[in-house]
Amino acid sequence: MVRLITHNLLACHAKGCTTNNFPLKLQDVVVEVREAEFNADFLRGFLPRIEWTALVNAAKELGDTSLPLEMPEMVDDEFLKNLHHVLLEIHVDEGAMVCPNCGHKYPIMNGIPNMLLAEHEIG
Amino acid sequence: MIPTPDLSHLKREDYDHVYEPAEDTFILLDALEQDASELRELTPRVCLEIGPGSGCVTSFVGSILGTSCLYLTSDINAHASLCALRTGRQNKVVVDPVTANLVDPFRSRLYRNVDLLIFNPPYVLTDELEVVDAQEQGGIAGAWAGGTIGMQVTDVVLDQLDELLSPTGRFYLVAVKQNDVHNLQRRVQEKFNVQSEVVLQRRAGREHLFVVRFMR
Ligand SMILES: [Zn+2]
């Protein structure tokens, strides 16, 4: 499934597309929420690897505004609960991710993003 | 003892499209199990398996590390991505598969951010044209067509090792004798100063299989 944690790690890699190629814009999405086991240590450990603004904006596109615009310095339980939900429980099952720079469209089917490029698009 | 993942949900038809776990898979599971407590101590947050096939290996790692880690897989074969997802579910491991060529779409965001990298490459000796054909078709042939010395795809991954591994990152690679394991280890050491060790080796029929563990 394309969860927002995965979305936060994917960039467009089409030939010549090296700037403004992240984050990919979610389009025509079918979203489902599936409960996941809460693990505070994982969230704390993963936090420094998140592109925060990309995550906040992607969550907003999917209708979740629970995250603060800036990554908080003090991490409390309520914040971790919201982060857990946004990163790990919102699944994009169908739709596409579109590159903000070159417009390349990466389809999502059965919860799996297809990031393959055609031969002439490979950098 | 960590149980081998339950693959009973996969049918004959699935194995027409994805590689069915075999000796090379099992030696990798054994190597990971051998390192299980060390791996838990390292608390990896990002695990990335290239070419998961059935999803057996990632699910196995999931049963070692639980929810303390993110399990990404990347396979050129969309059916393998689906199997990795289903095998995860069957074994209560949440797997996030991506259909892609090696690590391409992760390269910028996972720059030195992979804590656990796993690759059981296609290593059967085939000629170069067959490799290109097999990878382009994106089907099961991609799982076994390995190249002149079974190394073409492995070489691409090894060249990216320095930009993938996190400071405490590890890479588990399955190799066969024909890969010239010693030479491969030396090349990575010279190029990136990444150390490696053969952590397990065994004979399986005509193959001599190795698991090489790389770490900074
Ligand atoms: Zn692009």
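Reader: Is Val92(A) buried or exposed?
Author: Val92(A) is buried, at a relative accessible area of 0%. Buried means under 20% relative accessible area, exposed over 50%, and partly exposed in between, with a 1.4 Å probe and protein chains only. Keep in mind that this is a predicted model, where local features need pLDDT of at least 70, side-chain atom pairs count only at pLDDT 80 or more, and totals for chains, interfaces and linings use all residues. Residues are numbered from 1 along each chain as its sequence is written, chains are lettered from A and ligands numbered from 1 in the order in which they are written, and side-chain values use heavy atoms, leaving out hydrogens and water.

Reader: Ok, and where does Val92(A) sit?
Author: Val92(A) belongs to strand β3 of chain A. Helices (H or I, at least four residues) and strands (E, at least two) are DSSP runs, numbered from the N terminus.

Reader: What does Val92(A) touch?
Author: Not counting residues up to four places away in sequence, Val92(A) touches several residues, including Val2(A), Leu26(A), Leu62(A) and Ile108(A). A contact is heavy atoms within 4.5 Å. Leu4(A) is 88 residues from Val92(A) in sequence, yet their C-alpha atoms are 8.2 Å apart in space.

Reader: Switching topic: which residues hold the zinc ion as donors?
Author: Cys12(A), Cys17(A), Cys99(A) and Cys102(A), each through SG, at 2.3 to 2.4 Å from the zinc ion. Donors are N, O and S atoms within 2.8 Å of the metal (3.2 Å for Na, K and Ca); water is not among the atoms, so sites may look incomplete.

Reader: How are those donor residues spaced in sequence?
Author: The pattern is C-x4-C-x81-C-x2-C. Cys17(A), in the loop between α1 (4–7) and β2 (25–33) of chain A, and Cys99(A), in the loop between β3 (90–98) and β4 (105–109) of chain A, link distant parts of the chain, 82 residues apart. Cys17(A) is buried at 4% relative accessible area, and Cys99(A) is buried at 3%.

Reader: Now chain B. How many helices and strands?
Author: Chain B has 9 helices and 9 strands. Of its 216 residues, 59% are buried.

Reader: What's up with strand β2 of chain B?
Author: 6 of the 6 residues in β2(B), residues 70–75, are buried, so the strand is largely enclosed by the rest of the structure. Leu70(B), Leu72(B) and Ser74(B) lie on one side, and Tyr71(B), Thr73(B) and Asp75(B) on the other.

Reader: Which strands does β2(B) pair with?
Author: Strand β1 (residues 46–50) of chain B runs parallel to β2(B), joined by 5 bridges. Strand β3 (residues 95–99) of chain B is also parallel to β2(B), again with 5 bridges. Two strands pair if DSSP finds at least two bridges between them. Within β2(B), Thr73(B) is the bridge partner of Glu49(B), and Thr73(B) stands opposite Pro97(B) in β3(B).

Reader: Last one: which residues have the most contacts inside the largest nonpolar core?
Author: Leu83(A), Leu117(B), Leu161(B), Phe171(B) and Phe214(B), in a core of 69 residues. Helix α4 (residues 77–89) of chain A gives the largest share, 6 residues. A nonpolar core is a set of buried Ala, Val, Leu, Ile, Met, Phe, Trp, Tyr and Cys residues joined through side-chain atoms within 4.5 Å. In soluble globular proteins, nonpolar side chains tend to be buried together.
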